[in-house]
Amino acid sequence: MSVIVRDDGFHAEDFTGGAILDIAPDTLPGALPQDFDGVAMIRVAFPAFSDGRGLTLARHLRARGFRGRLRARGHVIADQYTMARRAGFDEVEISEELAARQPAGQWIFRADWREHDYRSRLKG
């Protein structure tokens, strides 16, 4: 089983419809789809917390116009949640084991990703 992480904490899987597209971390940005018709969710794999290629893929997917649910799936740690949200991910899917080691409070602590952005300090 997996745990879905959002800004308000842990959730059970609640995706119920539409096509899911899984993208491997070694996918080149040029190989990403140009059209997202019928795709309701894209899951980008993170095989290790030290592999940040999925963050780049998320930015490219959003830049290409994907407006559906974008999920980081795999070994993302709480310290990376802010980066994942800023890159365009809506949520993160982690294992129950990782959720036990990093409880919801650690993820919620990083859910203020809009407030503490360097760009917000440059405004005004």
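This is a predicted model: local features need pLDDT of at least 70, side-chain atom pairs count only at pLDDT 80 or more; totals for chains, interfaces and linings use all residues.
Figure 1. Residues are numbered from 1 along each chain as its sequence is written, and side-chain values use heavy atoms, with hydrogens and water left out. You will find L32 in the loop between β3 (19-23) and β4; strands (E, at least two residues) and helices (H or I, at least four) are DSSP runs, numbered from the N terminus. Leaving aside residues up to four places away in sequence, L32 touches I23, T27, L57, H60, L61 and R64 (contact means heavy atoms within 4.5 Å). D22 sits 10 residues from L32 in sequence, and their C-alpha atoms are 11 Å apart.

**Figure 2. R43 on strand β4.** Let's move on to R43, which belongs to strand β4 (residues 39-46). R43 is buried, because its relative accessible area is 15%. Its side chain makes a polar contact with the side chain of D22 at 2.6 Å (a pair of N or O atoms within 3.5 Å; within protein, one must be able to donate a hydrogen and the other to accept it, and residues adjacent in sequence count only if both atoms are side-chain atoms). Apart from residues up to four places away in sequence, R43 touches I20, L21, D22, I23, R71, R73 and E93.

**Figure 3. E93 on strand β6.** E93 is part of strand β6 (residues 91-95). With 6% relative accessibility, E93 counts as buried. The side chains of E93 and R73 make a polar contact at 3.5 Å. Once residues up to four places away in sequence are set aside, E93 touches S2, V3, I4, R43, R71, A72, R73 and G74.

Figure 4. A63 is in helix α1 and counts as exposed because its relative accessibility is 69%. Between A63 and G88 there are 9.4 Å, C-alpha to C-alpha, although the two are 25 residues apart in sequence. R67 lies in the loop between α1 (53-63) and β5 (69-74), and R67 is exposed, with a relative accessible area of 66%. The R67 side chain reaches the backbone oxygen of R62 at 3.4 Å.

**Figure 5. Stepping back to the whole chain.** The chain has 5 helices and 6 strands, which follow the pattern β-β-β-β-α-β-α-β-α-α-α along the sequence. Its C-alpha atoms fill a box of roughly 45 × 35 × 25 Å along the principal axes. Of the 124 residues, 40% count as buried. Among contacts with a separation of 6 or more, 66% come from residues 24 or more positions apart.

Conventions:
Buried means under 20% relative accessible area, exposed over 50%, partly exposed in between (1.4 Å probe, protein chains only).
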